[in-house]
Amino acid sequence: MLQMLDYLHSQGYAHCDLKPANIFVVSDSVVKIGDLGLMQPLIDDHFFIANPIGTVHYMAPSIKRIQRGEMAKIHKNVDFYSLGLLMFRLVTAYHYTLGYIKQDWLGLEGLFTVVIGLAQQNWGTAETVNS
């Protein structure tokens with residue numbers, strides 16, 4: 001996901017709405033970011049908005065503080081803030097803004113399954129590495 005964000009930013013855009021519903025696991029080794037409807041063009045690593053955009057539970061504080069109608073200069077790193085919250089929720093299954101553990105979330109077991117699958121695909125199993 002970090003590589004995808006880095007690529008998006010290198011192409012001159014900020015996603016502005018990273019959340020679990022916008023992350024798609026296509027296969028064991030392919031993850032995609034979707035819903036580019038709120039994407040903003042970057043000018044010198046910043047974008048300009050006059051109203052808060054994104055999903056409030058994954059929104060960076062700099063976006064939450066915007067007063068409606070007031071133009072604000074926002075740094076592209078708001079995407080990394082959202083990604084950090086998303087990863088925290090992925091690993092802990094804890095929804096930080098609602099204060100509860102969501103039972104239908106991937107959680108640690110699912111995360112380890114994906115990571116182990118990727119590691120085996122890219123580096124082989126422990127048996128093949130040691131032989």
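Trace the cartoon along the sequence and the pattern reads α-β-β-β-β-β-α-β-α-β-β-α-α.

A word on the ground rules. This is a predicted model, so local features need pLDDT of at least 70 and side-chain atom pairs count only at pLDDT 80 or more, while totals for chains, interfaces and linings use all residues. Residues are numbered from 1 along each chain as its sequence is written, and side-chain values use heavy atoms, with hydrogens and water left out.

Now colour by accessibility. Of the 131 residues, 31% count as buried; buried means under 20% relative accessible area, exposed over 50%, and partly exposed in between (1.4 Å probe, protein chains only). As for contacts (heavy atoms within 4.5 Å), take those in the chain with a separation of 6 or more: 48% of them come from residues 24 or more positions apart.

**Stop 1: a helix pair**

Select residues 2-10 (α1) and 78-92 (α3); their axes come within 11 Å and cross at roughly 165 degrees. Axes here are lines fitted to C-alpha atoms, for helices over the stretch in contact, and angles run from 0 to 180 degrees between N-to-C directions. That makes α1 roughly antiparallel to α3. The angle classes are under 35 degrees for roughly parallel, over 145 for roughly antiparallel, 65 to 115 for roughly perpendicular, and oblique for the rest. The α1 and α3 crossing is right-handed, meaning that the near helix is turned clockwise from the far one by less than a right angle.

Next, show side chains: L2, L5 and H9 from α1 meet D79, F80 and L83 from α3. The residues of this contact divide into 4 nonpolar, 1 polar and 1 charged. For that count, Ala, Val, Leu, Ile, Met, Phe, Trp, Tyr, Cys and Pro are nonpolar, Asp, Glu, Lys and Arg are charged, and the others, Gly among them, are polar.

**Stop 2: salt bridges**

How many salt bridges does a search of the whole structure find? There are 2, using a cut-off of a Lys or Arg side-chain nitrogen within 4 Å of an Asp or Glu carboxyl oxygen.

Pick D45 and K76, where the closest N and O atoms are 3.1 Å apart. D45 sits in the loop between β4 (40-41) and β5, and K76 in the loop between β6 (72-75) and α3, so the pair ties together parts that are 31 residues apart in sequence. D45 is partly exposed at 36% relative accessibility, whereas K76 is buried at 18%.

Then go to D17 and K19, whose closest N and O atoms are 3.7 Å apart. Both D17 and K19 are buried.

V56 belongs to the loop between β5 (46-49) and α2 (61-64), and at 47% relative accessibility it counts as partly exposed.

**Stop 3: positive phi**

Most residues other than glycine have a negative phi. Select C16, in the loop between β1 (13-14) and β2 (23-27), and you get a phi near 75 degrees. C16 is buried, with a relative accessible area of 6%.

Finish at D35, in the loop between β3 (30-33) and β4. Its phi is positive too, about 55 degrees, but D35 is partly exposed at 43%.

Key:
Helix = DSSP H or I, 4+ residues; strand = E, 2+ residues; numbered from the N terminus.
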